[in-house]
Structure formats: structure tokens, C-alpha cells
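I set out here, in order, what I looked up in this structure. Each entry covers one region.

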Amino acid sequence: MGEFRMPSLGADMDRGTLLEWRVAPGDVVRRGDIVALVDTDKSEVEVEVFEDGTVAELLVEPGTEVPVGTPLARLDPTGPPSAAPPPAAPSHAPPAAAPAPAPAPETTATGPHAARTASPLVRHLAEVEGVDLAGLEPRDPSGLLHRDDIERAAATHRAPLASPPAEVEPPSGGRGPSASPYARRLAAEAGVDLAELRGTGPAGAVVARDVMPTAPPTAAVSDAPSARGGDKQASTRLAIARVMARSKREIPHFYLSSTIDLAAASRWLELENDRRPPEHRLLPASLLLRATALAAQQHPGINAWWIDDEVQLAGDVDLGVAISLRSGGVVTPSITDAAHRSLDDLMTSLRDLVQRARAGNVRSSELQGSITVTNLGDQGVDAVFGVINPPQVAIVGFGSIAERPVAHDGMLTVHPVLTCTLSADHRAVDGHLGSRFLRTLANLLQEPDALAADPDPGAGP
């Protein structure tokens with residue numbers, strides 16, 4: 001029987017607090033399903049499972065802080081038991097006590113052959129959106145309902161929930177709002193009235209993230225040691241301090257910079273945005289991210305990790321993006337397989353990532369980037385020399401785009417330029433490789449039509 005353990009969600013993480021379960025015993029889970037919400041020193045993270053199976057037992061109660069690697073649940077990799085009855089016991093032998101079978105995956109049907117299965121992730125999304133699974137027609141020929149089936153039906157197929165989900169406590173005595181057990185505990189400790197909160201959980205239930213921003217600064221919203229007396233901002237700063245101090249102490253950084261002429265890219269972006277409605281316009285960041293991803297793909301030694309005293313090439317470019325949090329601190333979730341995404345896809349992914357990171361809805365699979373970009377151009381800085389996020393071996397920094405005098409075709413003129421920097425780990429990267437990477441990145445930014453070309457549809461998402 002397999003085990004689902006508390007994952008390591010960052011180089012600095014040694015403990016985490018289980019906030020909520022998104023599954024119950026008997027649920028069938030598939031690789032990639034979100035099964036739990038975990039609180040780290042930096043943010044709340046939706047944790048995915050990485051194997052198929054059936055949840056046999058939940059071992060840790062919500063609100064419990066445990067070390068990384070602690071078993072949180074047991075998974076039966078064989079799936080739910082067969083519906084066929086077991087063979088009858090011989091008449092001379094006493095009947096054996098058989099364990100109760102785990103509940104079968106939730107299905108709906110409109111006919112004798114139309115079984116439809118929904119994963120825990122899909123059922124949770126349906127609960128949040130108020131979608132009745134019985135009224136959906138899956139596009140998958142196997143009858144399996146997917147996330148896009150729920151999102152497509154959310155506007156027109158809504159129905160009230162028959163009962164609150166398993167992880168939400170109904171109001172005591174029929175009064176007050178529904179809330180998760182952990183949210184109730186946080187509210188009690190912080191002196192927060194649940195009736196005054198707007199729940200964002202399933203069926204409008206109050207969950208932990210609804211309580212935390214409301215608690216008074218002096219309230220102890222958690223008795224977990226990592227919460228540092230309820231001061232989440234101080235806890236986040238301490239976590240960042242630990243990993244950055246380790247990075248500077250253990251990684252021999254070296255730094256390169258290059259000034260890139262963005263005249264061609266700026267003209268292309270202006271013409272492109274003129275023909276688009278405002279909500280679909282591109283920001284310069286989309287060009288910078290795509291150029292970085294393609295340059296990293298062409299120089300795989302940059303897109304790598306330093307683990308156990310050796311370089312491990314990452315393969316796909318999972319592009320980490322440094323995002324500042326409103327409460328203070330920075331997280332670096334990644335856009336997966338960024339080299340095979342179009343400019344529009346990158347722009348959409350970036351907006352979604354920023355929104356979810358600041359709302360505390362980052363997924364565990366998004367915290368394993370292979371190279372990171374930090375962009376402080378909107379803050380007016382000329383250049384930023386980043387600190388490497390271990391075990392990565394490089395971080396790319398972008399400053400502001402500014403009009404400056406440049407020599408062009410033997411004439412002095414004014415062009416928009418940008419300073420791009422590379423901080424690299426000298427154990428894995430040398431100056432020659434770093435300079436070739438920056439030259440490739442600069443050349444890509446001066447060919448915006450090539451950046452705008454759609455990637456090979458068969459190579460990635």
C-alpha cells in the first residue's frame with residue numbers, strides 16, 4: 001500500500017501544516033489531482049498526488065503541523081474493490097468477517113450504459129461552482145468528467161448542494177455559517193465572528209484563508225511554531241531569509257549583464273496591441289518570458305539543477321516567476337513547459353499565476369521550476385542581480401525599459417533599451433555558457449515576429 005507524504009515545497013521547507021483535505025477515504029485519485037491544502041511559511045499550497053489509487057485512510061487531521069516526509073494518507077494502488085460478490089464460504093466453515101468495501105467512485109448516469117466518473121478534483125470544482133454532475137454530458141468517450149466539462153457548464157448547470165462536503169462542518173444547532181474545522185479553530189483563537197466572513201470554500205463555506213487576513217495583527221491565529229505568534233509576514237520573511245542566506249553561503253554566484261535594444265520588439269508590440277481588444281493585449285513581459293524560455297531550451301546547461309554535487313539537466317523549461325505578495329515576501333511558482341507556449345498562452349498563464357499566488361492558491365507542481373525570472377522593470381530599477389533559488393543554477397533579471405541614446409547604423413539615436421542580467425552558479429555554469437545564453441536571449445528579443453510564431457503544437461501544451 002502506498003503512502004501520500006508531506007511534500008517538500010521549497011528548499012527551505014522542513015515542516016508544513018495540513019489545512020484541509022480535498023478527498024475522503026474511498027475516493028479514487030489520479031496523478032495530478034489536488035488532494036490537500038498545505039500551509040508553508042510562505043503561502044498556502046494546493047498539493048497534488050503523483051500516483052493513481054484509492055484513498056484508504058487519512059492519517060493526519062487538518063490543523064496539524066508535521067515534518068516533511070510524514071505520511072499523511074495511505075493509498076491503495078489497486079483501486080476500488082470489484083463490484084462482483086466474493087465466492088461463498090464453505091458451509092462447514094464460519095463466515096469470515098470481510099472488511100467493508102471502500103465506496104465506489106462517484107458516478108452519474110442517464111441510461112443503463114452511461115456511467116460517468118468524476119475525480120475528487122472535478123467533484124470539488126463542481127461543488128465550488130454549484131454544478132450538478134448529473135446534468136453534464138462528458139466529452140471524453142470513456143464517460144470521465146474533466147475540469148473543462150465543469151468550467152463549460154458552470155454558467156448554465158448550477159444546482160444547490162444536497163449537503164456540505166465532508167471537510168466542512170455544518171453550523172452547530174442549525175445556526176451560523178458552514179466552516180472547516182481548522183477555520184473554526186482559527187476564528188476562535190483570533191476572536192473573529194464567522195458570521196461576518198464571506199466564505200470562499202465549497203458551497204460558500206468559510207475556510208482557513210478566509211479567516212487569516214481578518215484576524216487582528218496581535219491575535220495568535222495558529223499555535224504552530226512556524227506561524228511565529230500569528231505574524232504570517234514575519235514568518236514569510238524568515239523563510240526567505242533562510243533560503244537566500246543558504247544560497248549566498250553555498251552557491252558561488254557570478255554575474256553577467258547585457259543591454260538589449262528593444263526598438264523592434266516595442267514597435268511590434270505597439271502594432272500588435274493596436275489590433276487587439278484591451279483585455280487581450282500583451283505586456284512586454286510576455287516577450288521577455290518567451291525569449292528566456294527559448295534561450296534556456298537552446299542552452300540546457302542553464303536550465304538545470306545542482307543536486308548531490310552534480311548537474312542534472314531539467315529537460316522541459318519550467319519557468320519560475322518571482323511574484324511579490326501583498327502581505328510581504330516573494331514566491332516563485334513556475335509556468336510549466338514555457339518554451340512550448342505561445343505569447344498569448346504565456347500572458348494568460350502569467351496573469352493566472354500572479355492572481356493565484358497572491359490569493360494563496362499555488363499548486364505543489366508549480367513550485368519545482370528549472371530557471372527563474374525576476375522582473376523589476378515596473379518599479380523603475382535599471383538592473384536587478386538576483387539570488388539563485390536552489391537547487392536551480394541560474395536566475396535571469398530584467399530592469400526597466402527606458403529610452404536611451406544608442407549608436408545605430410553609424411548614427412546616434414534614441415531607442416528603448418533594457419538591461420538583462422544573469423546570476424549563475426559557477427559549479428554548474430561558466431562565463432562562456434552564460435554569455436552565449438544572454439546573446440541568444442538578446443537576439444530573440446530583436447526578432448519579435450519569430451517570438452510571436454506559434455510553437456510546435458505537438459511539442460507541448
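**Conventions.** I took two strands as paired if DSSP finds at least two bridges between them. Helices (H or I, at least four residues) and strands (E, at least two) are DSSP runs, numbered from the N terminus. The model is predicted, and local features need pLDDT of at least 70, side-chain atom pairs count only at pLDDT 80 or more, and totals for chains, interfaces and linings use all residues. Residues are numbered from 1 along each chain as its sequence is written, and side-chain values use heavy atoms, with hydrogens and water left out.

**Entry 1: the hairpin.** I looked up strand β13 (residues 304-307) and found that four bridges join it to β14 (residues 310-313), the two running antiparallel. Ile 307 has Glu 310 of β14 as its bridge partner. Two residues separate the strands of this hairpin, and Asp 308 in the turn has a positive phi of about 55 degrees. I then noted the faces of β13: Ala 304 and Trp 306 lie on the covered one, Trp 305 and Ile 307 on the uncovered one. In a regular strand the side chains alternate between the two faces of the sheet.

**Entry 2: helix α8.** Buried residues (under 20% relative accessible area, 1.4 Å probe, protein chains only) of α8 include Leu 343, Leu 346, Met 347 and Arg 356.

**Entry 3: the largest pocket.** I took a pocket as an open set of points on a 1 Å grid over the protein atoms alone, where a 1.4 Å probe fits, with protein on both sides within 12 Å along at least five of seven lines; lining residues have an atom within 4 Å of a point. The largest pocket holds about 1000 Å³ of space. Its lining has 40 residues, and Ala 322, Ile 323, Thr 374, Asn 375 and Leu 376 lie nearest the centre. I found that α8 gives the most to this lining, five residues.

**Entry 4: Leu 136.** I located Leu 136 in the loop between α1 (120-129) and β11 (144-145). Leu 136 counts as buried because its relative accessibility is 4%. Its C-alpha atom is 7.4 Å from that of Ala 153, 17 residues apart along the chain.

How values were computed
Buried means under 20% relative accessible area, exposed over 50%, partly exposed in between (1.4 Å probe, protein chains only). Grid points are joined across faces, edges and corners, and a volume is the space filled by probe spheres set on the points.
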